[in-house]
Amino acid sequence: MSPDQIILLQSALNGILVGSLLGIVAMGLSLSWGILKIANFAHLSFALLAAYLAYTLIVDLALHPAVALLLILPLMFGIGVGVQWLFLHFRVSTFTSLLLTFGLFIVLENLITYVWSADTITTRQALPPALRQAIRFPPPLERFFVLPPDLLAFASALALAGLVHGVLHHTNWGRGVRAMAEDPAMAQVFGVHYAREALLLSGLVTATAGVAGVLIALKMPLYPSLALAWLGIVVAAVILGGLGNPLGALVATALLILIQNIWSVRMQPSWAPLFAFSLFVLYLVAQPQELRRRWQGRRRLAESRREARP
Amino acid sequence: MIRGGARRGLLGFGLAGGLLALLPGLVAGLGLGSFWTTLGFQIFVWVTLAVSWNFFSGYSGYASFGHGAFFGIGMYTTATLLVRGSVPVALALPMAGVVAAVLAWLVGLVVFRLPQFRGELFSLLTLAMTFIVATVVNNVDWLDGGGGVFLREAPGIAPWTDNNLRLYYATLAIALLCVYLAYAIYHTRWGQALFAIRDDEDVADGLGVPTLRYKIGTFALSAFFAGLVGGPQALFLGYLETATAFAVTIPLLALMMAILGGATVWYGPVLGAVLVTLLRQLLTQGETAELNQIAIGLVFILTILFMPQGLGGLIEARRQRP
Amino acid sequence: MNPEILLECRQVRMAFGGVLALNHTDLSVYRGEILGLVGPNGSGKTTLINVISGQYRPTGGQIRFQGADVTGARPNHLAHLGIARTYQIPRPFHSFTVLDNVAMAWMFGRRGHSREEARRRAHETLAFVGLAEKGHLAVDQLTLHERKFLELARALALEPQLLLLDEVLAGLNPAEVEMGLELIRQLHRQGITLVFVEHNVGAVARLSHRLAVLNYGETIAVGPPEAVLQDPAVVAAYLGEEYAAS
């Protein structure tokens with residue numbers, strides 16, 4: 001295999017791995033947007049916040065990453081519940097949630113800068129050696145390697161996706177939650193208590209942001225505007241994968257970053273961001289007529305449903 | 001063309017304009033430094049951004065997150081024309097507005113026909129547009145190409161950068177025109193059409209309102225002003241780079257100012273822009289820039305939750321009460 | 001009765017994803033008549049109104065108005081040609097006063113009046129529907145029947161040739177229904193052609209010159225009310241096959 005091919009394949013591999021990591025964030029956003037009808041951009045900021053918290057716990061307090069995760073999860077859950085409570089209390093529409101979470105996004109980015117400074121920081125030195133050692137593939141692919149945090153991220157993403165899918169489609173609770181998204185009033189008749197389930201779901205979704213955050217802290221250097229850098233890919237992936245379809249979001253994220261990486265090998269990397277956005281725009285513009293009407297129908301339904309929400 | 005409703009305002013605007021024009025003379029006479037003309041300049045820039053955003057997005061309900069793209073294009077068009085084209089400033093500025101307007105017009109032509117682009121998807125699309133434009137500008141050598149653009153190299157810009165007086169007057173004129181337009185639109189059928197679109201676009205369509213034309217036209221006009229005011233901003237900064245020119249905080253701030261001040265009244269964004277700009281000035285003296293951003297973000301969130309009609313909305317409600 | 005065909009729906013199909021709401025629907029409306037449009041729930045009545053008024057572009061078939069093909073025309077164009085409609089659940093503009101709601105139609109309708117002129121005419125239209133004193137009110141301060149009449153006033157302000165009424169009597173008490181019927185009779189006397197979608201078959205039958213029945217997106221019967229209501233196919237559609245057979 002030529003060096004070029006090796007670089008290309010390694011790049012593709014990295015793309016899938018990093019893509020799956022960001023895919024965890026996209027999954028959460030997809031669930032939030034599709035089921036709770038909250039376009040929560042602060043979800044990205046929560047993930048970044050979790051990453052920074054993980055940094056402090058691992059580097060400053062010398063805790064093991066697993067311990068850090070255990071501490072961060074309940075905090076994230078609490079944040080998710082709190083934020084959703086606000087949305088419910090103020091009967092916020094999807095569009096208003098967009099504005100609000102953007103405001104929150106700005107607040108959090110500045111908060112992070114204020115507390116941790118704008119410098120780029122990394123947990124690399126404080127990681128247990130096992131996590132820093134590159135793992136090589138067995139021959140004949142010994143030229144390729146993965147880093148443990150990437151593998152961990154990939155495995156976590158798959159596990160979470162499987163878990164989410166399993167819960168949503170094969171448990172009564174999951175079915176109730178999906179019904180709630182379609183028709184809150186009807187779901188209530190069947191015993192689904194909207195507020196309680198929404199709070200629970202939001203907590204769980206933000207907890208996944210916590211998982212993503214810890215994994216991100218293990219994998220890459222952190223800087224405050226990282227969430228902004230992810231915004232394009234994550235939003236594009238959520239929409240391309242279908243709102244409320246976590247598997248779709250995961251796959252879409254992985255694909256987008258994979259393609260972006262492959263592009264960057266051959267072409268000028270600085271054009272790469274264009275790719276995700278253009279795809280996103282083209283996809284939306286090219287919607288066939290029936291899908292258009294479904295969007296239209298969804299919106300009117302969502303508006304009228306807000307009144308019906310118990 | 002300027003019908004009754006809008007004509008009444010002309011006198012008021014003329015007066016306001018005159019007063020503001022005399023201000024620098026007063027300031028200089030009192031021996032106060034150029035800080036005040038600079039502050040005035042910044043206020044006029046933000047007033048233009050907030051007001052132009054609002055007379056499209058606030059009135060019609062199509063919240064664009066892309067105002068930064070038009071502002072940025074305005075900055076880069078001016079810079080490119082000045083540095084590489086040796087175009088005189090007086091010509092470069094309006095051209096910046098035209099380029100931005102053309103982009104908006106093209107986007108609108110495609111997007112406003114499609115029903116899926118209402119509400120949050122329109123906002124996201126315009127945000128994506130900003131990123132796309134920024135990436136293109138960042139990669140095309142004769143625009144930015146990654147290295148930034150220095151305006152000091154441009155011929156003929158000295159009188160514009162020696163002191164901020166020319167910038168003050170230029171942006172004052174632009175802001176006045178922009179606010180007057182917002183006022184005129186608000187008081188005529190044009191504004192009624194936009195508000196109807198905001199309330200229920202399909203019904204408005206059914207009543208004979210040419211919604212497509214109004215949306216595209218107003219969007220383009222809004223973009224024109226954002227682009228137009230980008231020129232003075234570029235001259236003020238002296239150096240452009242895509243990261244700061246197309247920063248997402250710019251459209252967000254403009255949006256915040258409009259909503260805080262009252263998105264459904266013509267003067268709302270003026271209030272919002274003046275207040276927030278002054279607030280930001282005050283806060284930068286104290287602690288760090290981050291705290292001031294956090295404060296503004298929190299105020300924005302609180303406004304949306306508790307006072308979505310903004311200051312202007314409150315004022316109008318008071319006025320309606322018999 | 002004038003046999004001129006004002007509106008013609010030819011083999012109209014309307015598909016939403018997998019659902020076929022209108023299945024080769026044919027319907028002709030004569031100028032000056034009152035045509036009642038009835039059918040069981042889900043038969044496609046409102047969808048047909050939406051297609052005729054331009055809100056939906058039909059998947060197939062043709063709509064002709066005054067002899068010209070208007071299939072797929074935008075709603076505002078159709079409004080200028082003279083087609084107006086009301087909504088089943090009234091959709092007034094909430095940030096406008098009652099008067100300004102009607103004024104909107106005068107401003108942007110067929111003749112495009114100025115704001116002041118539009119408001120003057122709006123006042124007359126409101127008087128016609130009995131809402132003259134309510135012009136300055138906010139829309140939320142109106143009762144349901146007042147909102148329905150506001151909806152009607154707004155449609156009238158377009159000076160339509162064809163008025164599509166989507167369940168304008170639904171939710172009204174008997175006295176209000178009588179008021180509504182009287183208004184409709186007056187509109188008819190003024191020469192407006194009316195298509196009248198209703199669930200209240202009795203009311204429709206009393207008022208209509210002809211009755212059209214839709215079922216599963218198809219026209220299953222058209223004709224004078226008494227004949228149509230006794231048509232076995234119509235009875236079957238509403239009450240089931242066995243009842244019709246008996």
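Where chain B meets chain C, the contact draws 17 residues from chain B and 20 residues from chain C, two residues counting as in contact if their C-beta atoms, placed from the backbone, lie within 7 Å. On the chain B side, helix α8 (residues 189-206) of chain B gives the most, with 11 residues; helices here are DSSP runs (H or I, at least four residues), strands are runs of E of at least two, and both are numbered from the N terminus. That side of chain B splits into seven nonpolar, five polar and five charged residues. For these classes, Ala, Val, Leu, Ile, Met, Phe, Trp, Tyr, Cys and Pro count as nonpolar, Asp, Glu, Lys and Arg as charged, and the others, Gly among them, as polar.

All of this comes from a predicted model, in which local features need pLDDT of at least 70 and side-chain atom pairs count only at pLDDT 80 or more, while totals for chains, interfaces and linings use all residues. Residues are numbered from 1 along each chain as its sequence is written, and chains are lettered from A and ligands numbered from 1 in the order in which they are written.

Turning to chains A and B, their contact takes 36 residues from chain A and 32 residues from chain B. On the chain A side, the elements that put in two or more residues are α4 (94-116), α9 (226-241), α11 (272-285) and α12 (289-308) of chain A. The top contributor there is α4(A), with 15 residues. By class, this side of chain A has 23 nonpolar, 11 polar and two charged residues.

Elsewhere in chain A, helix α5 (residues 148-170) has 23 residues and spans 32 Å from its first C-alpha to its last, close to the 33 Å expected (1.5 Å times one less than the number of residues). Buried residues in α5(A) are Pro149(A), Asp150(A), Ala153(A), Phe154(A), Ala157(A), Leu160(A) and Val164(A); buried is taken as 20 or more other C-beta atoms within 10 Å of a residue's own, exposed as 12 or fewer, and partly exposed as in between, with C-beta atoms placed from the backbone. Their cover includes α1 (3-35), β2 (145-146), α8 (194-219) and α10 (246-266) of chain A.

Chain B itself has 14 helices and two strands. Its radius of gyration is 19 Å, close to the 20 Å that the globule rule gives for 322 residues, so chain B is as compact as a globular protein of that length; the radius is taken over C-alpha atoms, and the rule is 2.2 Å times the number of residues to the power 0.38. The C-alpha atoms of chain B fill a box of roughly 55 × 45 × 45 Å along the principal axes. Of the 322 residues in chain B, 55% are buried. Among its contacts between residues at least 6 apart in sequence, 80% join residues at least 24 apart.

Chain C carries 10 helices and 10 strands. The radius of gyration of chain C is 18 Å, close to the 18 Å from the globule rule for 246 residues, so this chain too is as compact as a globular protein of its length. Buried residues make up 44% of chain C. Four of its strands form an open sheet in the order β2-β1-β4-β5, with antiparallel pairing (a pair needs at least two DSSP bridges). At the edges sit β2 (19-30) and β5 (68-69) of chain C, each pairing on one side only. Strands β1 (residues 5-16) and β4 (residues 60-65) of chain C pair over five bridges, and Cys9(C) stands opposite Ile63(C) in β4(C).
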